[in-house]
Each structure stands twice: as C-alpha cells, then as structure tokens.
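Subject: Structure handover

Hi,

Here is the structure you asked about. Please open it alongside this note.

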Amino acid sequence: MMCQSEARRGPELRAAKWLHFPQLALRRRLGQLSCMSRPALKLRSWPLTVLYYLLPFGALRPLSRVGWRPVSRVALYKSVPTRLLSRAWGRLNQVELPHWLRRPVYSLYIWTFGVNMKEAAVEDLHHYRNLSEFFRRKLKPQARPVCGLHSVISPSDGKILNFGQVKNCEVEQVKGVTYSLESFLGPRTYTEDLPFPPAASCDSFKNQLVTREGNELYHCVIYLAPGDYHCFHSPTDWTVSHRRHFPVNPGMARWIKELFCHNERVVLTGDWKHGFFSLTAVGATNVGSIRIYFDRDLHTNSPRHSKGSYNDFSFVTHTNREGVPMRKGEHLGEFNLGSTIVLIFEAPKDFNFQLKTGQKIRFGEALGSL
C-alpha cells in the first residue's frame, strides 16, 4: 500500500520540486546581488525595476515572494539625469534653423499638435529663427479678450485638470493623486516681507494661509499642452510680494505621487482683495526654462542650483513696501514647451468656479467669481 501511495505522490513531489526550483534559483541570484557594491546593485536592479512598473497585470510581482523589492518610483525618477536632459533641450531650442528648414520643421509641429497660427501676431514661419521663438510666439491683440465680469480669469491656454476647495491640506493633481500643500509651496517662513501671518504651531498650514475669517482656500490646476499658447498672464488684480524657486527638474505627472513637489517650479505669492493669492509655474518634461518678466534675478534650469533646495526672493524693499502690482490680464511670464499653472488662493465661501474638469480653456476666459 505504501509503495502505491508513494508512486501516486511521485509526480506531485516532482512537480513541487520543479515549482520551487525557479524560486531557489532567484533566491541564489538575489543573494549574489546583496553582496555587490551599492553602485553595482543599482545598475543591476534598475532595468528590472523599470520592467516591474511598465509590464501590465503585475507580471513581475511574484519576484516579491522571493525577497526582491523594486526601487521606489521617486528614487527611480531621481536617478534619471533630467536636469542634464532639460538643459540640453534648452540649448537645442536656441539653435538657429536655416531659413529653408524653418517652414517644414514648424509645419510638422503645427500638424502634430494642432497649433492655430492664425492667432499668432506673426504668421510667417520664416520669422521664427529657432524653436524657442516659435514656442513663445505672441498672439494678435484681440485674439484673447479678457473677461471683465469675473474676478479670476484663466492665466493661460490649457486644460483644466482639477479645481475646488483645498481639503485636508492637500491639493488634487491628476486622476485622484494628491500632493501636500506645504510640500508644494514650501515651508512657511515668516518675515516682514512675506505675506504669511504668524500663527500658533498647532495651526495647520492651510489655516496659516487663510488670513481672513470666513474665507476658504481654493485651487485650480491648468495643463498647457505643447500646441498651446505658452505665455501666462495675471489671473486677477493682485500684488506679488515674494518668489520661491524650487530648482528641481520635471518628470511624468501621472506616474509619481506628489510629482509636482519634485518638479522645478516658481511659486509667486502675494495678496488680492480677498487675502492670500499664489500662482505657481511648474516645469514640464524637457522645459528649458521658466521666465517671469519682472524678475531679472530668476534663473531656472541652472546647474548652479542644488536639488532639493529652494531660493527665496522678496519684492518688498525699503523703497517699495507693497511689492509688484499686477493687473488682470497683464503679461506675467512664459514657458518653453508644455507646462502647468497652479493657482492657490483664499476667497469667501460663496466663491464659485465656472468650470468642468477636463475642459479646454483659453487665457482671458472666466475661472470663477463671487
């Protein structure tokens, strides 16, 4: 009887050994990886990590059962030399194209991204000496009428990714992904020059931004596609008192949680008639620079800045106690290629957005009003 039972169990044992063999082999290989130096380990783990995130249906998840852990998405993103790539892209944009090559190159771009050149102040493609000039083309004076009936207008052309009240001190990014308000704007540093009031340590960061009783904090995220008009304007009448530059570089917005907190961005903060107001220009993939017209000291996409830091600059001086006044619709800055604008501001509780998520919007059109 025992011989018969062992005979029946024979195929099962052989199958079990066959199933365990790959795991034993993988454990042996992972043991070899653990003995490697850190640079060599990164080099060997990086391709497998990329496949882990890219392959569908969790194809490589069984590897976790034998002790392997993928590099985090943020760590993987930071390992890519995006700053170098972005500076190279910026240099490429400045290369002057031969006169005969301009029309075919720009025509291909127009066809690919659906650019409406009839709105451009200069429609002649030969006028633009390089890609940078073409990206930053100006519009005809009446191409974007500014809405005078609403208190806040769109600062740029683009697509509405998200909008609404700021809840739980977090702002929604794309498809339910959120980022920390404090991580995005940077820590509150109170000086006479900054628009933030002093607050007790127990107060949340959100409450420190809301300066008037009965107000709420709102946000709006606008994505500029490569074919959109690349200049941005003042969304309302306000005064810019402070600039904070985060010299870290762009990546893939739908892939990494709190990606905006890892992007190069310029945060402008100040006040409008209802209290705190901020506009943040966020760099997108391969953006060569972010330019603020009235800020000559700003140098984005520069190798002299260290990652993970930020640089503060105050527009409030002994001779100018107010800051930089901006009128609704006034030219404020520009991008190279696609980017994102994030508005964060306080307003009374009856402020209403005139928007739908995912809708296309143009500079000068209404965002919301009281």
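Below is what I found in it, starting with confidence.

This is a predicted model. The mean pLDDT of the protein chain is 75. Of its residues, 61% reach 70 or more. Strand S1 (residues 152–153) has the highest confidence, at 96. Helix H1 (residues 2–34) has the lowest, at a mean of 49.

Two stretches need a note. Over residues 15–21 the pLDDT stays under 50, and the model has 0 contacts there beyond four places in sequence. Residues 249–259 also have a pLDDT below 50. That stretch, however, has 41 contacts in the model beyond near neighbours in sequence. Where pLDDT is low, the predicted coordinates should not be read in detail.

Now the annotated site. UniProt, in an unreviewed entry, places the feature "active site" at Asp157, His233 and Ser339. These residues span 183 residues in sequence, yet no two of their C-alpha atoms are more than 14.0 Å apart, so they gather at one spot.

His233 first. This histidine lies in strand S6 (residues 231–233). Is His233 buried or exposed? The relative accessible area of His233 is 3%, and the cut-off for buried is under 20%, so this residue counts as buried. What does His233 touch, leaving aside neighbours within four places in sequence? The contacts of His233 are Pro155, Leu279, Phe363 and the run Gly329, Glu330, His331 and Leu332. The side chain of His233 also makes a polar contact of 2.9 Å with the side chain of Tyr229.

Next, Ser339. This serine sits in strand S14 (residues 339–348). Relative accessibility for Ser339 is 0%, so Ser339 is buried as well.

Last, a sheet. S1, the strand with the highest confidence, belongs to an open sheet of 3 strands. The order is S1-S17-S15, and the pairing is antiparallel. Which strands form the edges? They are S1 and S15 (352–353), and each pairs on one side only. S15 pairs with S17 (residues 366–369) over 2 bridges, in the antiparallel sense. In that pairing, Phe353 has Gly368 in S17 as its bridge partner. As background, strands of a sheet pair through backbone hydrogen bonds, either parallel or antiparallel.

If you want one place to start, look at His233, in S6, with its polar contact to Tyr229. Then go to Ser339, in S14.

Best wishes

Note on methods
Residues numbered from 1 in each chain as written. Predicted model: local features only at pLDDT ≥ 70, side-chain atom pairs only at ≥ 80, totals over all residues. Heavy atoms only, no water. UniProt positions renumbered as here; feature names shortened; annotations may be inferred. Helix = DSSP H or I, 4+ residues; strand = E, 2+ residues; numbered from the N terminus. Buried < 20%, exposed > 50% of the residue type's maximum accessible area, 1.4 Å probe, protein only. Contact = heavy atoms within 4.5 Å. Polar contact = N/O pair within 3.5 Å; in protein donor to acceptor, adjacent residues only side chain to side chain. pLDDT = per-residue confidence, 0-100. Pairing = 2+ DSSP bridges.
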